[in-house]
Amino acid sequence: MKPRDRLRIAVQKSGRLSDASQDLLSRCGLRFRHSRDKLFCFGESLAIDLLLVRDDDIPGLIADGVCDLGIVGRNVLAEQECAAQLRGETPAFEELRSLGFGRCRLSIALPQELDYDGASSLDGLRIATTYPALTTQWLKSEGVDAKVVVLSGSVEIAPKLGTADAICDLVSTGATLQANQLREAIGILESEAVLAGSTTAPKGERGELMELLLRRIEGVIQVRE
Ligand code: ATP
Ligand code: ZN
């Protein structure tokens with residue numbers, strides 16, 4: 001890849017983390033010229049450019065060196081890290097700092113009529129999720145023999161459709177679970193938005209820009225706390 005002097009940060013294009021991510025960067029003094037397609041935004045105040053992408057793409061963009069930093073839910077980072085480990089690989093991205101917004105948890109939920117009395121209650125069940133690596137790892141660590149059913153979305157209706165007995169999904173208020181007659185049984189991961197970066201930090205000018213941005217983020221978060 002061509003060497004690059006400017007730092008690149010990826011954030012979610014549109015979704016739950018978009019506004020707070022862009023707000024954080026703007027509080028750090030970053031200003032961007034929005035391009036027409038709005039995927040790539042040129043940084044005007046500093047040599048830091050913005051990439052607007054799907055949250056799931058952020059760890060890969062960092063691992064491939066396309067971006068230096070990203071703002072993404074710990075749940076996404078942890079799932080891709082866990083999936084890499086299950087393949088026997090070492091992920092090239094890591095969590096650098098938690099950011100204090102986008103809080104939620106990855107939880108196992110059961111239909112209201114099913115009792116939960118510890119992890120062994122899940123033995124023999126089919127559990128639908130979009131987080132197969134984290135779910136598989138947790139079940140294994142608890143010694144539970146359950147089947148993980150991988151879905152790409154609408155996990156909460158799987159029990160009603162009969163494609164699974166239980167689910168493992170993100171929960172914040174619990175309203176979605178309640179609307180689908182599901183009850184949270186146990187949380188397996190506490191999540192919030194985090195700053196992610198490469199396991200090998202950039203050197204030279206980009207390295208200095210990254211240090212500067214990290215210091216500014218630190219300052220903005222301390223003022224908020
Ligand atoms: P994309 O189109 O970028 O793939 P998405 O549908 O995967 O978007 P969103 O629903 O916008 O993602 O959620 C982004 C992140 O917001 C989640 O990965 C999670 O970290 C956080 N989040 C906070 N609360 C919730 C919640 N109740 N449900 C889902 N995600 C939540
Ligand atoms: Zn996504």
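A polar contact is a pair of N or O atoms within 3.5 Å; within protein, one atom must be able to donate a hydrogen and the other to accept it, and residues adjacent in sequence count only if both atoms are side-chain atoms.

I kept in mind that this is a predicted model, in which local features need pLDDT of at least 70 and side-chain atom pairs count only at pLDDT 80 or more, while totals for chains, interfaces and linings use all residues. Side-chain values use heavy atoms, with hydrogens and water left out, and residues are numbered from 1 along each chain as its sequence is written.

**Ligand 1**

I looked up the side chains at ligand 1 and found an oxygen atom of the ligand 2.8 Å from an N or O atom in the side chain of arginine 54. For aspartate 55 the corresponding value is 2.9 Å, and for aspartate 56 it is 2.8 Å. Taken alone, ligand 1 exposes 630 Å², and the protein buries 75% of that (Shrake-Rupley method with a 1.4 Å probe).

I then listed the 15 residues around ligand 1 (a heavy atom within 4 Å), of which Arg16, Arg54, Asp56, Asn75 and Ser172 come nearest.

**The two domains**

I noted domain 1 as 7-102 + 192-224 and domain 2 as 104-190, with bounds from an automatic or database domain assignment. Their contact (heavy atoms within 4.5 Å) takes ten residues from domain 1 and nine from domain 2.

I read the area buried between the domains, which is the accessible area (1.4 Å probe) lost on putting two parts together, summed over both, as about 850 Å², with carbon and sulfur atoms giving 61%. In domain 1, Asn75, Glu79 and Cys82 lose the most area to domain 2, together 56% of what that side buries.

I also recorded five residue pairs in polar contact across this interface, both residues at pLDDT 80 or more.

Note on methods
Chains lettered and ligands numbered in written order.
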